Amino acid sequence: MSLQGKTAVITGSNSGIGLGIAHEMARAGASVVINSFTDRDEDHDLAKSIAKEHGVDVRYIQADMSKGDEARALIEKAGACDILINNAGIQHVAPIDEFPVAKWDAIIAINLNSAFHTTAVALPMMRKAGWGRVVNIASAHGLTASPYKSAYIAAKHGIVGMTKAVALETAEEPITANAICPGYVLTPLVEAQIPDTMKEYGMDRETVIREVMLKRQPSKEFATVEQMGGTAVFLCSDAAAQITGTTISVDGGWTAL
Ligand code: NAD
């Protein structure tokens with residue numbers, strides 16, 4: 001699978017799933033734009049190291065996905081956007097009657113609204129280029145719910161719905177829009193929660209992973225960032241040209257329960 005000549009823009013990609021997707025896009029030969037809201041030397045160094053590893057052009061562009069104008073500017077600054085991966089996302093856990101308003105607004109802005117803004121600017125570029133792929137990183141929580149995550153679940157169900165609308169608006173063009181729905185993925189963020197959870201439950205690492213973290217994931221294994229990247233690359237392949245407006249679960253069976 002070669003994505004040579006294509007430019008992939010991945011929101012929220014200086015860590016975790018976004019970074020994993022950046023590596024797989026670069027491995028497939030795409031030019032890559034990585035992004036976050038920070039503007040540190042290490043962000044730009046990260047872009048250089050991915051470029052060196054895979055021999056492709058990689059740029060870091062700072063833009064805060066909680067702000068619509070910055071989300072739009074990210075795509076404009078990228079200059080080309082054949083592959084748009086809407087990945088930036090945050091979480092907050094609280095009962096709905098205690099849910100902080102600022103947290104609700106931030107989750108809806110970053111996890112949902114930013115994808116509206118980036119897609120609105122990217123689609124005309126894709127049309128001009130005569131090819132395009134929109135890949136939204138939703139979640140098992142875009143298809144099912146859990147208590148205390150109302151904003152996240154609203155945003156993830158919302159992005160699944162928006163994916164379908166974009167697919168219908170582009171159905172007769174060589175452009176597709178799909179959502180990947182990961183289950184629990186072992187990112188640095190998740191890894192960092194393991195020691196505290198071990199202490200809290202008085203369990204060893206393996207028991208915490210099986211019985212607490214992966215309680216709802218029948219495979220009892222984390223999905224990996226490489227698997228998310230591989231699925232995104234597949235959605236950019238010719239084999240996936242007629243896959244549009246749908247969700248692909250990479251969740252170890254979570255949504256089969
Ligand atoms: P992460 O915290 O490692 O990555 C989130 C990324 O978003 C980071 O690069 C961060 O810098 C960036 N980001 C946060 N706020 C931003 C902002 N305002 N502007 C720009 N960038 C911003 O988390 P992750 O686990 O890699 O999550 C990535 C996506 O995958 C999210 O949309 C998340 O909801 C989704 N997801 C994750 C899991 C999981 O188990 N890790 C499961 C399902 C879905």
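Among contacts in the protein (heavy atoms within 4.5 Å) between residues at least 6 apart in sequence, 72% join residues at least 24 apart. The structure is a predicted model, in which local features need pLDDT of at least 70, side-chain atom pairs count only at pLDDT 80 or more, and totals for chains, interfaces and linings use all residues. Residues are numbered from 1 along each chain as its sequence is written, and side-chain values use heavy atoms, with hydrogens and water left out.

**Overall form**

The protein contains 9 helices and 7 strands; these are DSSP runs numbered from the N terminus, with helices (H or I) of at least four residues and strands (E) of at least two. Its radius of gyration is 18 Å, close to the 18 Å that the globule rule gives for 257 residues, so the protein is as compact as a globular protein of that length. That radius is taken over C-alpha atoms, and the rule is 2.2 Å times the number of residues to the power 0.38. The C-alpha trace spans about 55 × 40 × 35 Å along its principal axes.

**Surface and charge**

Of the 257 residues, 50% are buried, where buried means under 20% relative accessible area, with a 1.4 Å probe and protein chains only. The accessible surface, from the Shrake-Rupley method with a 1.4 Å probe, comes to about 11,900 Å², and carbon and sulfur atoms hold 54% of that surface. There are 22 positive and 29 negative side chains, counting Lys and Arg as positive and Asp and Glu as negative, without His and the chain ends. The centres of the two sets lie 2 Å apart, with each charge placed at NZ of Lys, CZ of Arg, CG of Asp or CD of Glu.

**Domains**

An automatic or database assignment sets the domain bounds. Domain 1 covers 7-185 + 223-256, and domain 2 covers 186-221. Their contact takes 15 residues from domain 1 and 12 residues from domain 2. The C-alpha centres of the two domains lie 25 Å apart.

Asn87 is found in the loop between strand E4 (83-86) and helix H4 (101-129), while Ser36 belongs to strand E2 (residues 31-36).

| Residue | Relative accessible area |
|---|---|
| Asn87 | 11%, buried |
| Ser36 | 7%, buried |

Not counting residues up to four places away in sequence, Asn87 touches Ile10, Thr11, Gly12, Ile17, Gly18 and Ile137. With the same exclusion, Ser36 touches Asn14, Tyr60, Ile61, Gln62 and Ala63.
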